[in-house]
Amino acid sequence: MILFPYLKESLILRRCSWKGLEQIMKMKMGAATTSTYFPLSQLQVLELEKINDFESLPVKGLQNLISLRELNIRWCYGLGSLHWISSLTSLQTLEIWGCPNLTSLPQEIHNLTSLKELRIYDCPLLRQRCERQIGEDWPIIAHVPSVIMDWQNQQEVTISSESESVCEDEDLT
């Protein structure tokens with residue numbers, strides 16, 4: 001694997017071992033006095049796809065992802081937790097696709113005030129927990145302007161349902 005110490009736009013990792021990437025992230029750059037993880041502080045988009053030994057991201061490695069705006073996680077069957085998500089304070093878009101072992105979102109996702117779009121596809125247990133108003137995780141994602149689950153925008157459904165109710169009430173008077 002070639003090292004790119006100062007990626008600025010995007011990094012796409014497909015069909016690779018998470019353990020190898022973790023070792024790269026832990027590499028010390030330069031002198032022995034440096035104790036930082038692989039510097040990805042300017043990275044804006046990270047795509048993780050089909051990394052089967054990927055269970056969770058190391059919090060220390062994520063501390064440097066201060067510019068990350070978009071995170072796409074696809075078909076990472078071993079992923080079981082997003083407890084590290086709160087360190088991604090610039091995150092605007094989070095896409096989770098085909099991660100059946102991911103069954104809930106962490107409470108910390110509520111602190112991601114920059115998050116504008118959450119997309120969840122082919123994650124039946126997670127979808128159920130994020131269902132508008134009835135899902136256990138809905139209160140922690142209700143602040144996100146666009147919540148799309150299996151191609152249905154949960155926020156738009158709410159807006160049209162509320163406007164129909166108002167119209168019906170007006171017709172009665």
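Which strand is Ser146 found in? Select β6, residues 146–149, and there is Ser146; helices (H or I, at least four residues) and strands (E, at least two) are DSSP runs, numbered from the N terminus. A word before moving on: this is a predicted model, where local features need pLDDT of at least 70, side-chain atom pairs count only at pLDDT 80 or more, and totals for chains, interfaces and linings use all residues. Residues are numbered from 1 along each chain as its sequence is written, and side-chain values use heavy atoms, with hydrogens and water left out.

Stay on Ser146 for a moment. Its relative accessible area is 14%, so Ser146 is buried (under 20% relative accessible area; exposed is over 50% and partly exposed in between, with a 1.4 Å probe and protein chains only).

Next stop: the rings. The whole structure has two aromatic pairs. Rings of Phe, Tyr and Trp (its six-membered ring) pair if their centres lie within 6.5 Å; planes under 30 degrees apart are stacked, over 60 edge-to-face, and the rest tilted. Select Trp75 and Trp97: this pair is tilted, at 5.8 Å centre to centre with 50° between the planes. The two sit 22 residues apart, with Trp75 in the loop between β3 (70–74) and β4 (93–97) and Trp97 in β4. Trp75 is partly exposed because its relative accessibility is 26%.

Tyr121 belongs to β5 (residues 117–121), 24 residues from Trp97 in β4. Both Trp97 and Tyr121 are buried. Together, Trp75, Trp97 and Tyr121 are linked into a cluster by ring pairs.

Lys50 lies over the ring face, 5.7 Å from the ring centre; a charge sits over a ring if NZ of Lys or CZ of Arg is within 6 Å of the centre and within 35 degrees of the ring normal.

Last, colour β4. Which way do its side chains point? Thr93, Glu95 and Trp97 go one way, Leu94 and Ile96 the other, and all are buried. Strands pair if DSSP finds at least two bridges between them. β3 and β4 run parallel, joined by five bridges, with Arg74 partnered by Trp97. β4 and β5 are also parallel over five bridges, and here Glu95 partners Arg119.
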